[in-house]
Amino acid sequence: VFEAITFGWRTFTKRPWFFIGIVVAMFAAFGILSSVTDPKNSSIEGVMSFFVTVAAAALGVMIEMMLINLALKSHDSVDTVRFSDAWAKLPFWKCVGVKILAAIIVIIGLILLIVPGIIAAMMFLFSNYLVVDRNLGPIEALKESARITKGHKWQLLLLVLAVAGLNILGALALFIGLLVTVPISILAMAHVYRTLEHKAGEMVATNTVV
């Protein structure tokens with residue numbers, strides 16, 4: 001957990017204004033989505049309200065994929081990453097599919113005994129990353145996420161809690177702190193994904209040789 005947060009900080013300090021720009025753009029986009037889908041917005045009613053909500057949800061998925069693209073590119077080569085890298089890979093329907101499947105499984109787990117839901121959430125934590133990074137289908141992404149996170153679920157839960165705590169501190173700092181804590185969090189998650197992916201790949205290679 002500490003290593004991931006430290007990596008996020010080190011990477012952030014290499015190009016702070018680039019990452020701050022990303023966060024500002026993200027906040028602006030979500031701010032617009034929030035205002036458009038606000039139930040108090042009397043100019044949007046009935047069927048139109050439904051379509052606007054669906055469109056906003058779709059845009060939210062697109063923004064998430066763009067952030068994953070930028071996070072992975074920043075992790076791999078922070079000196080060369082550009083805003084245009086956000087559009088590198090946008091497998092929209094695959095991402096929607098994996099989010100729906102993961103959500104169903106997690107919700108069922110939470111309804112049953114809560115703990116299984118938490119374990120499932122950690123198991124599928126990187127399914128979206130795998131869709132964007134490797135262009136895997138929903139089922140394949142869920143299986144691969146479960147494989148690379150095997151044996152690391154409680155550490156991942158600590159990471160998620162640490163990231164949440166970090167951003168709470170950022171929000172308490174008049175929300176300006178979020179301009180720093182959000183990119184650190186995104187970069188930390190990308191680092192953990194790459195680390196687990198690498199370790200899982202090494203295990204496969206070792207088993208193949210044996």
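Helices here are DSSP runs of H or I with at least four residues, numbered from the N terminus. I'm keeping that in mind while I page through this predicted model.

**Entry: the end of α6.** I looked just past α6 and found Asn135, which takes a positive phi of about 60 degrees. Then I checked α6 itself, residues 127-134. Seven of its eight residues are buried, so the rest of the structure largely encloses this helix. I wrote down the buried ones: Ser127, Asn128, Tyr129, Leu130, Val131, Val132 and Asp133.

**Entry: α5 against α8.** Next I picked helix α5 (residues 115-123) and helix α8 (residues 153-172). Their axes come within 9 Å and cross at roughly 85 degrees. Angles of 65 to 115 degrees count as roughly perpendicular, so that's the label for α5 and α8. Which residues make the contact? From α5 I noted Val115, Ile118, Ile119, Met122 and Met123, and from α8 Lys153, Trp154, Leu156, Leu157 and Val160. Sorted by class, I get nine nonpolar residues, one charged and no polar.

Entry: Buried residues make up 40% of the 210 in the chain. As for the surface, the chain exposes about 11,800 Å², and carbon and sulfur atoms supply 74% of that. Last, I looked at contacts between residues at least 6 apart in sequence: 70% of them join residues at least 24 apart.

Notes:
Residues numbered from 1 in each chain as written. Predicted model: local features only at pLDDT ≥ 70, side-chain atom pairs only at ≥ 80, totals over all residues. Heavy atoms only, no water. Axes fitted to C-alpha atoms, helices over the stretch in contact; angles between N-to-C directions. Helix = DSSP H or I, 4+ residues; strand = E, 2+ residues; numbered from the N terminus. Parallel < 35°, antiparallel > 145°, perpendicular 65-115°, else oblique. Contact = heavy atoms within 4.5 Å. Nonpolar A, V, L, I, M, F, W, Y, C, P; charged D, E, K, R; others polar. Buried < 20%, exposed > 50% of the residue type's maximum accessible area, 1.4 Å probe, protein only. Areas by Shrake-Rupley, 256 points an atom, 1.4 Å probe, with all protein chains shown as cover.
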